[in-house]
Amino acid sequence: MDASKSRSKRHAKGTIVKAGQDASYGFPRTYRIRQKNDFQRVQGGGRRIHSHHFVLLLTESKEASSRLGLVVSKRVDKRAAKRNLLKRRLREVFRLNRQRFPKPIDLVVIARSDAAKLAFREVAGEILRALRGKGIIPA
């Protein structure tokens, strides 16, 4: 099939994007919790959800969109590459499911020990199961 007749187009990174899809695969600063006082606000006045490998803290966002903050300490894994991989996986779970939140929230994910050993599917399943179980996102 000729590329000019197709409804798909190539994204700058070589990814094929279908017509009508958003080509934005980034995770901009507006989706991140970065300030110490924002972390403290979520921790102090937020709701806690415990799962086997994560503690989720959440509260309503003051911003127009949902935001994510991550806490992955050396206790999770002493190797920075493993901790960074876990953070990338958590960001991706949030990015793919951000629109499922009925209203904007600030979510802080604290990783517990052995969380770095989980595959992406296990990370996603555990986070989404915890959020669905408490009624944060629809089933």
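Guide: Questions and answers on a helix, a cavity, aromatic rings and a strand residue follow.

Guide: This is a predicted model, where local features need pLDDT of at least 70, side-chain atom pairs count only at pLDDT 80 or more, and totals for chains, interfaces and linings use all residues. Residues are numbered from 1 along each chain as its sequence is written, and side-chain values use heavy atoms, with hydrogens and water left out.

Visitor: What distance separates the end C-alpha atoms of helix α3?

Guide: Helices are DSSP runs of H or I, at least four residues, and strands are runs of E, at least two, numbered from the N terminus. Helix α3 covers residues 120-133, 14 residues. The expected span is 1.5 Å times one less than the number of residues. That gives 20 Å for α3, and the end C-alpha atoms agree, at 20 Å.

Visitor: Which elements do the buried residues of α3 pack against?

Guide: Buried means under 20% relative accessible area, exposed over 50%, partly exposed in between (1.4 Å probe, protein chains only). The buried residues of α3 include Val123, Glu126 and Leu131. Contact means heavy atoms within 4.5 Å. The buried residues of α3 pack against β3 (47-50), β4 (54-60), α2 (80-97) and β6.

Visitor: Which element gives the most to the lining of the largest cavity?

Guide: A cavity is a set of points on a 1 Å grid over the protein atoms alone where a 1.4 Å probe fits but cannot get out; lining residues have an atom within 4 Å of a point. The lining includes Leu90, Leu107 and Ile127. Elements giving two or more residues to this lining are α2, β6 and α3. The most, four residues, comes from α2.

Visitor: Which residues form one aromatic cluster?

Guide: The whole structure holds three aromatic pairs. Phenylalanine 27 and tyrosine 31 make an edge-to-face pair, 6.1 Å centre to centre with 70 degrees between the planes. One aromatic cluster is formed by Phe27, Tyr31, Phe94 and Phe101.

Visitor: Is isoleucine 110 buried, partly exposed or exposed, and what is its relative accessible area?

Guide: Isoleucine 110 sits in strand β6 (residues 105-111). Beyond neighbours within four places in sequence, its contacts include Phe54 and Val71. Isoleucine 110 is partly exposed, with a relative accessible area of 25%.

Note on methods
On a 1 Å grid over the protein atoms alone, a cavity is a set of points where a 1.4 Å probe fits but cannot get out, and a pocket is an open set with protein on both sides within 12 Å along at least five of seven lines; lining residues have an atom within 4 Å of a point. Rings of Phe, Tyr and Trp (its six-membered ring) pair if their centres lie within 6.5 Å; planes under 30 degrees apart count as stacked, over 60 as edge-to-face and the rest as tilted.
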